[in-house]
Amino acid sequence: MLYTFKSDAAAPVIMFADVAKKLIAILGKDPEDVKGIVTVEQLPNAIERLRAAIDEDKARQAAHDEETEEQQEAAAAAGKTGMGAPVGLAQRAWPLLDMLQSSLKDGVPVVWGV
C-alpha cells in the first residue's frame with residue numbers, strides 16, 4: 001500500500017506503508033489511521049520530532065560506519081554495499097521534512113489518505 005502526503009506548499013510525497021507508518025508515528029500521530037492531518041499549529045512540534053529522529057538515525061549510521069575491515073568485507077561479499085546498501089530512516093524522511101517546513105512557511109497543513 002502507498003501513502004501520499006499532500007500539502008499546498010509542496011509536491012506530493014509518496015511512500016510505502018511501512019515507512020510512512022513509521023514516520024507518522026514519529027510525527028506523533030496514530031500510524032494505523034489511513035487518513036490524517038498535521039495542522040499548522042502542530043507543524044513546529046512535528047518538524048522537531050522528525051529532525052530528532054533523523055539526527056538519531058544519522059548517529060546510528062555513523063556508529064555503523066565504524067565497522068571493522070572484516071565486517072566491511074563480509075557486507076561487500078553479501079552485496080550490501082553501494083546500491084545494495086540499506087536506506088536509512090534519515091534518507092527516507094527528508095522529503096517529508098522538506099514538505100513540513102514548506103507547509104509551516106506557507107501556513108498550510110499536511111494531509112495523507114485524502
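The expected span of a helix is 1.5 Å times one less than its number of residues.

**View 1. Helix 4 has close to its expected span.** The model is predicted. Helix 4 covers residues 89-106, which makes 18 residues. From first C-alpha to last, helix 4 reaches 26 Å, close to the 26 Å expected.

**View 2. Helix 4 bends at P95.** The angle there is about 35°. Past the end of the helix, look for G107. This glycine comes just after helix 4 and takes a positive phi of about 70°.

**View 3. Helix 4 has buried residues along its length.** Which residues of helix 4 are buried? They are L89, A90, A93, L96, L97, M99, L100 and S103. An α-helix has 3.6 residues a turn, so residues three or four places apart point the same way.

**View 4. Helix 1 also has buried residues.** This helix spans residues 17-26. Its buried residues are A17, V19, A20, L23, I24 and I26. After helix 1 comes G28. The phi of G28 is positive, near 90°.

View 5. In what order do the elements run from the N terminus? The order is β-β-α-β-α-α-α-β. The chain has 114 residues, and 31% of them are buried. Take the contacts between residues at least 6 apart in sequence: 69% join residues at least 24 apart. The accessible surface of the chain is about 7200 Å². Carbon and sulfur atoms account for 54% of that surface.

Key
Residues are numbered from 1 along each chain as its sequence is written. This is a predicted model: local features need pLDDT of at least 70, side-chain atom pairs count only at pLDDT 80 or more; totals for chains, interfaces and linings use all residues. Side-chain values use heavy atoms; hydrogens and water are left out. Helices (H or I, at least four residues) and strands (E, at least two) are DSSP runs, numbered from the N terminus. Buried means under 20% relative accessible area, exposed over 50%, partly exposed in between (1.4 Å probe, protein chains only). Contact means heavy atoms within 4.5 Å. Accessible areas come from the Shrake-Rupley method with a 1.4 Å probe; for residues, only the protein chains shown count as cover. The bend at a residue is the angle between axes fitted to the seven residues ending there and the seven starting there.
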